[in-house]
4 protein chains.
Amino acid sequence: MSYEVKSLNEECGIFGVWGHPDAARVTYFGLHSLQHRGQEGAGIVANHEGKLSGYRDLGLLSEVFKDDRDLENLQGSAAIGHVRYATAGNGSVDNIQPFLFKFYDCSCGLAHNGNLTNARSLRTELERDGAIFHSNSDTEILMHLIRRSKADNWLDQLKEALNTVQGGFAYILMREDCMVAALDANGFRPLAIGQMKNGAYVIASETCALEVIGAEFVRDVQPGEIIIVNDEGFTVDHFTEETQHAICSMEYVYFARPDSNIAGVNVHTARKNMGRRLAKEAPVDADMVIGVPNSSLSAASGFSEASGIPYEMGLVKNQYIARTFIQPTQELREQGVRMKLSAVRGVVEGKKVIMVDDSIVRGTTSRRIVQLLKEAGAKEVHVRIASPPLKYPCFYGIDIQTRKELIAANHTIAEICECIGADSLNFLSEEGLIDAIGLDFDAPYSGLCMAYFNGDYPTPLYDYEEQYQASLKEKVSFFNL
Amino acid sequence: MSYEVKSLNEECGIFGVWGHPDAARVTYFGLHSLQHRGQEGAGIVANHEGKLSGYRDLGLLSEVFKDDRDLENLQGSAAIGHVRYATAGNGSVDNIQPFLFKFYDCSCGLAHNGNLTNARSLRTELERDGAIFHSNSDTEILMHLIRRSKADNWLDQLKEALNTVQGGFAYILMREDCMVAALDANGFRPLAIGQMKNGAYVIASETCALEVIGAEFVRDVQPGEIIIVNDEGFTVDHFTEETQHAICSMEYVYFARPDSNIAGVNVHTARKNMGRRLAKEAPVDADMVIGVPNSSLSAASGFSEASGIPYEMGLVKNQYIARTFIQPTQELREQGVRMKLSAVRGVVEGKKVIMVDDSIVRGTTSRRIVQLLKEAGAKEVHVRIASPPLKYPCFYGIDIQTRKELIAANHTIAEICECIGADSLNFLSEEGLIDAIGLDFDAPYSGLCMAYFNGDYPTPLYDYEEQYQASLKEKVSFFNL
Amino acid sequence: MSYEVKSLNEECGIFGVWGHPDAARVTYFGLHSLQHRGQEGAGIVANHEGKLSGYRDLGLLSEVFKDDRDLENLQGSAAIGHVRYATAGNGSVDNIQPFLFKFYDCSCGLAHNGNLTNARSLRTELERDGAIFHSNSDTEILMHLIRRSKADNWLDQLKEALNTVQGGFAYILMREDCMVAALDANGFRPLAIGQMKNGAYVIASETCALEVIGAEFVRDVQPGEIIIVNDEGFTVDHFTEETQHAICSMEYVYFARPDSNIAGVNVHTARKNMGRRLAKEAPVDADMVIGVPNSSLSAASGFSEASGIPYEMGLVKNQYIARTFIQPTQELREQGVRMKLSAVRGVVEGKKVIMVDDSIVRGTTSRRIVQLLKEAGAKEVHVRIASPPLKYPCFYGIDIQTRKELIAANHTIAEICECIGADSLNFLSEEGLIDAIGLDFDAPYSGLCMAYFNGDYPTPLYDYEEQYQASLKEKVSFFNL
Amino acid sequence: MSYEVKSLNEECGIFGVWGHPDAARVTYFGLHSLQHRGQEGAGIVANHEGKLSGYRDLGLLSEVFKDDRDLENLQGSAAIGHVRYATAGNGSVDNIQPFLFKFYDCSCGLAHNGNLTNARSLRTELERDGAIFHSNSDTEILMHLIRRSKADNWLDQLKEALNTVQGGFAYILMREDCMVAALDANGFRPLAIGQMKNGAYVIASETCALEVIGAEFVRDVQPGEIIIVNDEGFTVDHFTEETQHAICSMEYVYFARPDSNIAGVNVHTARKNMGRRLAKEAPVDADMVIGVPNSSLSAASGFSEASGIPYEMGLVKNQYIARTFIQPTQELREQGVRMKLSAVRGVVEGKKVIMVDDSIVRGTTSRRIVQLLKEAGAKEVHVRIASPPLKYPCFYGIDIQTRKELIAANHTIAEICECIGADSLNFLSEEGLIDAIGLDFDAPYSGLCMAYFNGDYPTPLYDYEEQYQASLKEKVSFFNL
């Protein structure tokens, strides 16, 4: 959703099914509903009576699997799939998942959503001991750990490996005889279990993937759990008992699809509540409320309802993908922006508007949208952000790894307001966010990870500690960007 | 906008610019904002100091023009472009426009939006006289008429040709020394003139294409007008004085982008008004109002405001294009539907919902959405359609050419309600639609074409008359479809 | 055959079959054996019980028809096909044949090999009368003439059209009820009839296309003939009685495949005879005879046998297509040449070699090959050309339309020898060529067209006359090219 | 060279250059001349001041590197490249070389030509010890051995690894600071060093790759040698002193390009000598000698000269690649054969012909060619094979790993003659082959590997021993194939 203009990137969506005659196709449908979690590449590994085969490539799911034959080649009654998030430089197919490992004694598929905090040191250590990596991805590490484990059986090997990696992770493994899912000890990333009408079990990053294939929600995977699915059903095991809930709050704010539920909370409803609360925390007199499409529409309608100010479609998003050509002149560059988002002159001209957005990263997008609205004749533009200021990097699977790219880490709210050219600017409070989501786990922040807002990381940072400490001392001015 | 699930198809979007150093790129931006008017193919013809060159292909604009070089090959300070609507069978590049004609004495580009009602008889007549056509498109006819005209100069030849063709049309021609636009005598299709900051004149199917390139709206092209643009500016001429306004009301209801203005009326505002009026004409007690994304969101928010019933996001549209594979089983076919649109269980479960849609064609889409909502737990689904029942075919540029595909031509509202499985169903009245749009031309229906609703065609039907009369006698049951 | 380094281009190969259940596939096989006659594009039009369908695109046959489905879409028991020659600039798919014309009353496919000498004036005349052309190709002219003819039936219309066009042409038309072939009054281009084992009749530019599909040779199409093939067999008609044989001698020298027979003469045998005769006309003492692959190998082996000097493989042609990149330095440009052709140092080092080639156009290729041989250590390089000097342009279907590109039109043999860096140079005499081929028609030069060598054109030049007269006065030095 | 119809496949060609500003382009040229050694895939790894980057894909070189930009992305003054041989099933890009390994402490590119005889056991052993392989290729093994070696420095690690792998191999490694080549202890595969005019050193599978880039031959790499190339020039080291020459005789017979020299012997000359010797060993009275294009033309001309029987072009090979479609009928399948090779009726009709071929594998190709010649009217066809009968599999890099596919392992010469439908059949003797090549190493068979002919393998067979012993007992009849 509006991923083109936002520099936040989720790290991937994963899906698996065991027990459906057309498993690859089911996985295709599931991944399609998770496409918002990753657009760089996609892949599927299928299991046909213990024989694994896979296909993966760069591009959107519909570009990777172009016609029926691409799926028909992936025969089998079980399959796992992956969509990978988009980054600029590292576009090698070697990084596209699921990985498919073939050994003299077995085969194994592996899909991963998250980020390891001790990946660099584990990788160096493994390489020093002769390991050869074939991708830049953290994901390979788990398999090297498994294969080098001296434990007696695969499950103990897996547990040993899962206790060695640190950070945020949701894994799905396809073995010849079962499918296995595992979630990190803090449950940073969402992962849900569902069941299809024919009895097949499904595991997916978001519940919207269950809905799309007509599966019924069974339960969320809990922190520290290992779920083993085979022809007998599924069993639950643990690789650790030291767990807590620290669910990524940005899943509710921005990443997840509004029709998904996370920990029992509907994402659209949570966002609408954020908007309602924001209307109370930071009211303003205006003619209309406008949401930035598509991710902020829920929050905007909540703001509208709570404030009684009408909700209008003042911004239109072009649903068609625009290629970003090298644009020779400043004039054409600005037109490029307008290709993605247009202000509706007939709606906003001469009006005071409240522009509701879900978050501000660098501020450049907000600045452009405020400008679009003013050029279209808006008299005043009051920006209301339905989450607290983003001030700290994330090391558990969201692509903000330096404070340098965060305007709120470097500027006061008044400065940001000036920088984006708004007539006023307010953010939702931390308490407001926690209340709006409404979890009630017996854990800090009711079970949310709020680290991006307050720097309170639920785990040690391992390989990132040094870099993090250094970043706390850096300051960058966003006024000239 | 949700064109994948609707069987209504607009026939094309057109764009032209004269006087910009990067005319092809400006045209690319303009066409991108008109992409919703046609997804089958796209093309651009550029004019470089009197030398015309063109490129066109099947696919979305971003597929046809893949990289910068594709545009760089189209040098010139003037250009016209076209996006063509999607149909199933006829996918030949020969039909993709603009057409580029090269003669011993001159060259000419031609782009067309609309449908001619005497195309078949003109074509046969021309072929009997030795003409050779190279496409299935009506568009070639105009050029044959021009080239065969015995009039003294090109403008008189053009006028003669424009008086020979009948039906709905908006043309843009690129000549070596000027760009020419023409609109049929009833003004069925929208066509607007704008001006860029550097003075370049632009002509486009919708005003959203002016906004996207930063051009200012100048005026609409009026019925029967010929607009001639060259380095001196633009001049207005006429090919007929017998004109009236019969603007396609479906542009307001469904086709046009909400940020466009047609005849001075903003489309989003018109739709919101339709929703407001509908709330008054057909009120119902419920927990929430839900719009079918994306084209019905404006009407739904209007309905919500007028009724005081909260507006909720009960349906989510997947923004990513889904390939329609051959799906072997009924189960998977239903999953295919869900790939495009999902009901949000967390929102609708146990609730009475009002589902607002812009129109019903065959009823199959409505039936599926009602079913989605009920499967997601909605207690009651009350369908409210923000336009009158579609009962008659269109011959002026919308792809409904037989009554057989219209459920409202074949069934009462009560039957339709049963057929789609709704708890209640109401349509907006004709008066309601006319009032909501709010035109005030001195013409029937205040200047709108309402023929799809009431069969009152503003012109003779020519080649279609016989087929139309026959269709009035046909009846089809939609219950088993 | 070594078409990459030669600037002579044949204009196209054509093929047709009537009466085979898999007609498109038979046509594919036939065209494959004619691929040397054209590499720019290819196409097939099939006839399925009177319904014509076609496919064509730029590229080699194997690039145009990429998989089985491309052929399966072309159902029918009759088909015609075309391969088009490669030129630099004009690469539009609009020019790729066969053309498929669809009219209100019938459909017609058309494939053409040759060049019309009055095309420009016919085209202008037709356009003045309202005709619209859709390609740059001469081929469309015939169809415009047919459609505009006032004659009573299609055959008389065709005859009238064939008597209007002038120059060299071999046509195959696919009508709904028959296939028709026609050859110009001088028989410039070869065209043969064959019969498959199942009785199907085949028409092809060269007899090698009959061999490849297992068809038996029936007869050559004669000058001025119209061949009509339908389910009853084939019948012979004439559009003119004023005919003679003036068969393109360059077909024997260079264009045709060595396994083809033209007018009963095997091309390899004719070439070997040219080599034998050349050995007698221009003997030289040397260690070995080397042919320039692939077109000169026959002549070289003839030279070797007649002279008793051993035939060696001193030049090796790389069978794989090399892309010509933009090569930044002179050093790399020379390496580019070597990618196509290598001299075998182990064979030629320290030896006196006779290098036999079929013809010299600009001399640049000869110069490079002589240089390659000398760099590989050849002590002497004596060049022997198995045809007379090319001095005059061709207007009947070979792509030499100006004397400026012919070194022999601008320089003496001694000058050419110096220019290409050879130790000696000789050409075959005109009499030698005529005797080597050995036709015995009662016509000038025994039935050959020798115009490229002596300027004796068998017909008026029409539109080319003026340009030709001017070219006789031009002189260009090739020493600095 | 007629690789489409021969089931012998060379395993790859390799190339490397150090010290040229445009190293990737030089490598492209070099690989192009080695394309006959592998058509499945190609790749290049370039070294830009210690930074390695690579590109590889399935397809011919010209398909992998489609335009200038593909090479421009591979900046650097050193590069290695690889072309991989074509097999049916295993078409994964993961197997395409050079491999590019990236470690925390360095990067390394690796290209390999050959086959390891202890690959399977090494791989299993390494996997048992935790190694993860990412391709099916033997090539990865070397890198795992290097990385796991406990030796002090990279050179000793490499030597240890090279002493662990067994079989036939030629490696080129690209390190950050040097390029390294190594050849197995028996020198099965050819590998030559050259020097460009600018001083850059080049290493290539065949000397034809030196010629194509204008490099001068310096020396062959000798068995057991390690060649280290850096900015100082090249140095020679050894990983073993226990070496001998056992050069693959099939390189001379069939694989290598005729313009290459191996161990100082020109391949065309060797083949011509094989033909001469064959003429003496197995004379026959006939009208003409015909070579099977392209690999047998040298031997055929040698046979012709020694016998005094004229050499004719009785078979023509179509230079254009033919796609092999699924051909529904036997009739069309035969036409498919003819697409690749045609018999020239005008040459062979009514004649006794000697058909010279380089080798017989299954006999199916020979049978088809004999049939083609007879259908074209040849009165008698006497087949002469310019090498001894192939009876034993190869384990050092040629793709014949079972005796089942070898007709001569299963049938007498008289039976083969009957099977292929020839009037007589003779093979060259082993002595004849050794003499014709004319090496004089102090080693068995003058330094040739003759194992395919006589089962005398120069090394133990390791992992293949068991399979080999079993194969000696198998018999298959080729009469019904």
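**A note on the D–C and A–B interfaces**

1. Let me start with chains D and C: 66 residues of chain D are in contact with 67 residues of chain C, where contact means heavy atoms within 4.5 Å. A word on the ground rules: this is a predicted model, in which local features need pLDDT of at least 70 and side-chain atom pairs count only at pLDDT 80 or more, while totals for chains, interfaces and linings use all residues. Residues are numbered from 1 along each chain as its sequence is written, chains are lettered from A and ligands numbered from 1 in the order in which they are written, and side-chain values use heavy atoms, with hydrogens and water left out.

2. On area, chain D and chain C bury about 5600 Å² between them, with carbon and sulfur atoms giving 56%. Buried area here is the accessible area (1.4 Å probe) that two parts lose on being put together, summed over both.

3. Now the charged pairs between D and C. The rule finds four salt bridges across this interface, a salt bridge being a side-chain nitrogen of Lys or Arg within 4 Å of a carboxyl oxygen of Asp or Glu. Do look at Glu312(C) and Lys272(D), which form a salt bridge with their closest N and O atoms 2.2 Å apart. On the side of chain D that touches chain C, the classes come to 28 nonpolar, 21 polar and 17 charged residues (Ala, Val, Leu, Ile, Met, Phe, Trp, Tyr, Cys and Pro count as nonpolar, Asp, Glu, Lys and Arg as charged, and the others, Gly among them, as polar).

4. Turning to A and B, 67 residues of chain A are in contact with 67 residues of chain B. The area buried between these two chains is about 5700 Å², 56% of it on carbon and sulfur atoms.

5. The rule gives four salt bridges between chain A and chain B. In one of them, Lys272(B) pairs with Glu312(A), and the closest N and O atoms are 2.2 Å apart. By class, chain A brings 28 nonpolar, 22 polar and 17 charged residues to the side that touches chain B.

6. Finally, the symmetry. Chain A superposes on chain B by a rotation of 180° with 0.0 Å of shift along its axis (RMSD 0.1 Å), by least squares on the C-alpha atoms of residues with pLDDT of at least 70 in both. That is the relation of a two-fold axis. Gln319(A) is the residue of chain A that comes closest to the rotation axis, its C-alpha lying at 3.4 Å. The same surface serves both copies, as 100% of the contact residues of chain A recur in chain B.
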